[in-house]
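Me: Could you take a close look at the metal site in this model? I'm new to it, so please spell out the terms as you go.

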Amino acid sequence: MNSIEEFEKNIHGELVKMWHELHAHPELSMQEFQTAAYIEDALHRTVKNIDIKRVGKTGIWVQLRGTARDKTEEDVIILRADMDALPINENNDLPYRSQNPGIMHACGHDVHTTILFGTLRVLEHFRDTIPGTIWFFFQPGEEVLEGALSFLSDPAIDFSRPRAVAGIHQGTNLEAGKIRLMKGVSLAGTDSLRISLRGPGGHGSAPQNTRDPVSAAAYLIAQLQTIVSRETSPLDSAVLSFCSIHGGSRDNIIPEEVVIEGTLRTFTQKTRTNIQESICRICRGTAESLGVKIEPEFLKHSPPLNNDPAIVEIAGRAVQKLLGADNLEIGEKPRMGGEDFAFFAEKIPSVFIIAGSRTPGGKQVNNHQAEFYTDEGTLRGGILALSGFALEYFKVDF
Ligand SMILES: [Zn+2]
Ligand SMILES: [Zn+2]
């Protein structure tokens with residue numbers, strides 16, 4: 001039998017083609033119709049011995065049952081990747097650049113999908129050695145915090161069975177071929193919020209006849225920015241960013257409504273509740289003092305991502321075996337980013353694997369940026385880490 005490394009080498013060209021195809025045809029969250037059909041077709045053509053089921057409209061659940069089950073009782077583990085893209089216009093001159101104007105894989109979910117597919121190919125090859133069952137989740141809608149919940153609410157999936165779950169994400173601040181793992185809390189809890197300010201609009205020359213939501217929005221944002229700096233302990237961590245503000249149509253019409261949207265990041269429920277209460281209090285106060293109606297709404301939430309130390313150890317051993325100790329980095333500080341993988345991690349002991357995606361010596365880019373790119377080496381690093389984790393979990397000699 002081939003080693004994992006050799007097997008990956010043999011299918012690498014095919015996987016690069018898949019990645020480029022996915023990158024060229026990005027789809028927005030919960031609308032991954034072509035992506036799901038493409039993956040399903042590739043599964044039918046190249047992988048035997050699996051069960052495939054749709055979850056919601058665009059999610060795919062694949063089951064691979066190992067055939068060495070006499071060794072231990074049957075365990076289930078989950079490997080998960082996300083598939084959605086972002087509303088960004090790609091600014092890269094690549095032969096496989098996005099063909100869908102205004103939509104781009106700027107968070108590397110095309111790479112994650114390809115890594116999970118490659119991992120499935122590897123593990124199917126090693127099926128005779130695996131004493132358990134592996135579920136592969138091709139998940140939609142991570143960016144809108146809906147995809148993980150669509151799996152968790154599917155009655156066909158028995159979530160009392162899995163003993164471990166591993167997710168994968170590219171990391172732009174790490175060189176391709178390197179892997180970063182972290183025990184405990186590694187990413188923040190996320191709340192998305194929307195605040196609407198309303199008042200009777202009117203002519204810009206007669207503000208006395210209106211209640212101006214534009215100037216109220218300016219006051220409100222300035223006051224809300226004191227919550228983290230003045231009301232949150234300097235030893236605690238939180239971010240409150242307002243990233244969208246819309247209102248008005250012309251220079252001389254005071255509009256009836258301005259809408260502000262933002263994101264709140266916290267690590268504990270206590271800090272989260274305190275900040276939410278402060279936001280509501282400041283909205284009430286500003287509404288009272290300026291005479292506009294202000295309605296804050298907390299729309300979507302994902303919890304902080306907490307990695308199980310024992311499961312992280314298993315992943316660490318696999319990475320050392322396949323990629324070498326030099327290519328394993330242990331994260332020490334959590335980041336303020338959020339992930340809906342945290343919904344799985346709340347229920348099942350987890351590891352979130354960061355696969356380096358920066359070309360060694362290449363330019364540093366950020367996620368969610370029009371110049372975002374991933375190095376081809378991310379595929380190999382991710383596949384070895386994820387398939388190695390599964391084999392190490394099942395104590396397969398590899
Ligand atoms: Zn993202
Ligand atoms: Zn992402």
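## A cysteine and its zinc ions

Reply: Cys-107 is buried, at a relative accessible area of 8% (buried is under 20%, exposed over 50% and partly exposed in between, with a 1.4 Å probe and protein chains only). This is a predicted model, where local features need pLDDT of at least 70 and side-chain atom pairs pLDDT 80 or more, while totals for chains, interfaces and linings use all residues. Residues are numbered from 1 along each chain as written, chains are lettered from A and ligands numbered from 1 in the order written, and side-chain values use heavy atoms, without hydrogens or water.

So what holds the zinc ion (ligand 1)? Its protein donors are Cys-107 (SG), Glu-143 (OE) and His-368 (NE2), 2.1 to 2.3 Å away. Donors here are N, O and S atoms within 2.8 Å of the metal (3.2 Å for Na, K and Ca); water isn't among the atoms, so sites may look incomplete. Cys-107 also coordinates the zinc ion (ligand 2), and the two ions sit 3.1 Å apart. Cys-107 is in the loop between β3 and α3, and His-368 in the loop between β16 (350-358) and α10 (377-393), so the pair ties together parts 261 residues apart in sequence. Helices (H or I, at least four residues) and strands (E, at least two) are DSSP runs numbered from the N terminus.

Now for the surroundings. Strand β3 (residues 75-82) pairs in parallel with β4 over eight bridges; pairing takes at least two DSSP bridges. Eight of the eight residues of β4 (residues 132-139) are buried, so the rest of the structure largely encloses this strand.
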